[in-house]
Amino acid sequence: MSYSVLHTEDNGVTLYKKIDDDGLSRMSCFGHHPPFQDWLRANKDNLPSDIQAKIDDGTLTIQEAD
Amino acid sequence: MTKAAELAKMGEVLTNSQIGGRRNIIINGAMQVAQRGTSSTDSGFGTVDRFSTSRGTVTATQSQETLASGDTPYSLGFRKYFRITNTGTTSATNSYIAIRHRIEAQNIAMSGWNYTSTSSDITISFWVRSSLAGTYYMSLRSDDGTAQNYTIPVVLSANTWTKIIKTVSGDSGISIDNDNGIGLDVIMWAHLGTDYTTSSHTSNQWNTYSGTDQAPDYSQNWNNTSSATFDYTGIQLEVGSQATPFEHRSFGEERNLCYRYYYRHASDGSNQNMLGVGYVDSSTSAVVQIVPPVSMRADPTAIETTGTASNYGVRQGSGVDVACNSTPSISGDSTSNVFVVNLSVASGLTANSACLGRAVLSGVHLSFTSEL
């Protein structure tokens with residue numbers, strides 16, 4: 001399972017999609033979606049390049065765990 | 001018990017318990033509602049509403065199961081339970097697995113529990129069964145301010161439904177905001193590796209939360225037991241020092257409470273259901289709105305689909321029916337009481353006109369999450 005950037009809307013909100021092991025995407029979410037944040041924390045040292053780019057440009061923030 | 005003792009007990013109950021109205025702060029404690037399905041290998045939410053699995057370095061299946069008529073909880077009106085099944089084995093010290101229920105802060109703040117007072121109580125009761133005998137632990141964890149953790153020992157014989165009852169007093173260190181964030185996390189640990197436990201941990205009292213000292217060391221290892229199962233139902237958290245009988249709520253009422261956190265907007269079994277009305281803004285894109293049956297806790301953070309774009313479509317006037325070429329996505333314009341969904345097609349739509357979002361197969365859904 002992985003995530004990638006889906007698109008950025010006209011209002012500037014970026015959407016991300018989860019890609020399941022079978023290659024299908026069954027979920028799209030905002031950057032603050034808790035399971036996406038869990039995944040970001042678990043994979044922060046080896047993120048896909050498009051996700052890393054969003055972190056590098058400040059669009060996406062990895063939040064502290066609860 | 002003598003008459004005098006009975007009267008004294010009754011007085012105690014009247015004094016210390018909330019005997020009327022809504023008692024159970026837990027939503028879906030009887031595990032009735034499972035909008036997402038009945039079995040999943042996912043971590044997090046996957047089956048039973050409001051209950052998630054939290055796990056690390058272990059594989060497991062979560063499922064909603066049906067009680068047998070010979071199971072003790074069945075005779076008390078329960079029909080469903082939540083099960084986790086170990087699908088691997090590991091002795092890793094960072095391995096853990098839990099069934100988790102997060103209570104919205106305002107539901108604790110306004111429950112009547114004076115949580116900062118040592119003379120004010122809540123009582124938790126639940127049914128639990130494990131295929132592996134041993135002492136397990138439940139954590140009650142506050143989230144606001146400096147997080148506090150209260151550990152409850154859960155002693156189980158193998159394959160035996162056991163009812164656990166524990167009364168917990170308040171503590172001056174607890175902080176609960178009156179908002180829609182996390183208030184109290186009820187965590188039933190089937191296993192917690194030694195990276196997160198200590199032999200000196202003190203149970204049955206509030207402690208400042210520490211990630212490396214969440215419970216005493218586990219003497220048995222559920223995560224290292226092939227095909228081990230852990231079952232859980234009938235969870236009730238109520239104000240007062242008495243565990244009253246489980247507050248059974250109707251399926252419809254419980255499901256409406258669940259909708260605040262997750263709503264599956266599904267076709268009803270027939271083909272070509274209409275998901276929502278909207279407008280076409282270009283030859284390749286449309287947006288539709290869906291109004292949920294109840295306002296959600298907060299603006300939804302995600303949308304779930306079947307994963308197959310062609311399960312969805314857009315219908316315009318004059319018989320124009322176009323299949324989607326990507327799965328629907330949630331729009332940033334969505335709010336807690338109106339969801340806005342983006343639909344994309346390859347071509348063929350007429351801009352600036354009305355449309356319907358369609359589900360073209362039975363069972364197709366759009367699901368919105370605002371879970372804690």
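Hi everyone, let's start with a sheet in chain B: six strands, paired antiparallel in the order S1-S3-S4-S14-S6-S9, make up an open sheet. Strand S1 (39-40) and S9 of chain B are at the edges with a single partner strand each, so one side of each has no neighbour in the sheet. If you follow S1(B) to its partner, you reach strand S3 (residues 60-66) of chain B, and the two are antiparallel and share two bridges. In one of the pairings, B:Ser40 has B:Gln62 in S3(B) as its bridge partner.

Before I go further, please keep in mind that this is a predicted model. For the complex, the predictor reports an ipTM of 0.94 and a pTM of 0.93. Chain B has a mean pLDDT of 94, with 94% of its residues at 70 or more.

Now to another strand in chain B. How many residues of strand S23 (residues 365-369) of chain B are buried? Five of its five, so this strand is mostly covered. On one side sit B:His365, B:Ser367 and B:Thr369, on the other B:Leu366 and B:Phe368, and both faces are covered.

S23(B) also has strand partners to look at. Strand S15 (residues 262-266) of chain B runs antiparallel to S23(B), joined by five bridges; there, B:Arg264 has B:Ser367 as its bridge partner. Strand S18 (residues 302-304) of chain B is antiparallel to S23(B) too, through three bridges, and B:Glu304 stands opposite B:Ser367.

S18(B) pairs with S3(A) in the antiparallel sense over three bridges. Which residue of S18(B) is the bridge partner of A:Met27? That is B:Glu304.

In soluble globular proteins, nonpolar side chains tend to be buried together. The largest core here has 50 residues, and those touching the most other members are B:Phe126, B:Met138, B:Phe230 and B:Tyr232. Strand S10 (residues 182-192) of chain B gives this core its largest share, seven residues. What does B:Phe126 touch, leaving aside residues up to four places away in sequence? Its contacts include B:Met138, B:Val154, B:Ile164, B:Met188 and B:Tyr232, along with B:Lys163 and B:Gly234. There is a second, separate core of 26 residues, and among its members are A:Leu15, A:Phe30, B:Tyr259 and B:Phe368.

Last topic: rings. Searching the whole structure gives 17 aromatic pairs over all chains. One of them is A:Tyr3 with A:Phe36, a tilted pair at 4.6 Å centre to centre with 45° between the planes. This pair links distant parts of the chain, 33 residues apart: A:Tyr3 is in strand S1 (residues 2-8) of chain A and A:Phe36 in helix H1 (residues 34-42) of chain A.

In chain B, B:Tyr81 and B:Trp161 make an edge-to-face pair, 5.4 Å centre to centre and 80° between the planes. B:Tyr81 is in strand S4 (residues 80-86) and B:Trp161 in the loop between strand S8 (148-156) and strand S9 (162-169), so the pair ties together parts of chain B that are 80 residues apart in sequence. B:Tyr81 is buried at 6% relative accessible area, and B:Trp161 is buried at 10%.

Back in chain A, ring pairs join A:Tyr3, A:Tyr16, A:Phe36 and A:Trp39 into a cluster. And for those who like charges over rings, B:Arg50 lies over the face of B:Tyr261, 3.7 Å from the ring centre, while the charged end of B:Arg79 sits over the ring of B:Tyr74, 3.6 Å from its centre.

Note on methods: Residues numbered from 1 in each chain as written. Chains lettered and ligands numbered in written order. Heavy atoms only, no water. Phe/Tyr/Trp six-rings, centres within 6.5 Å; stacked < 30°, edge-to-face > 60°. Helix = DSSP H or I, 4+ residues; strand = E, 2+ residues; numbered from the N terminus. Buried < 20%, exposed > 50% of the residue type's maximum accessible area, 1.4 Å probe, protein only. Lys NZ or Arg CZ within 6 Å of the ring centre and 35° of its normal. pLDDT = per-residue confidence, 0-100. Core = buried A, V, L, I, M, F, W, Y, C linked by side-chain atoms within 4.5 Å. Contact = heavy atoms within 4.5 Å. Pairing = 2+ DSSP bridges.
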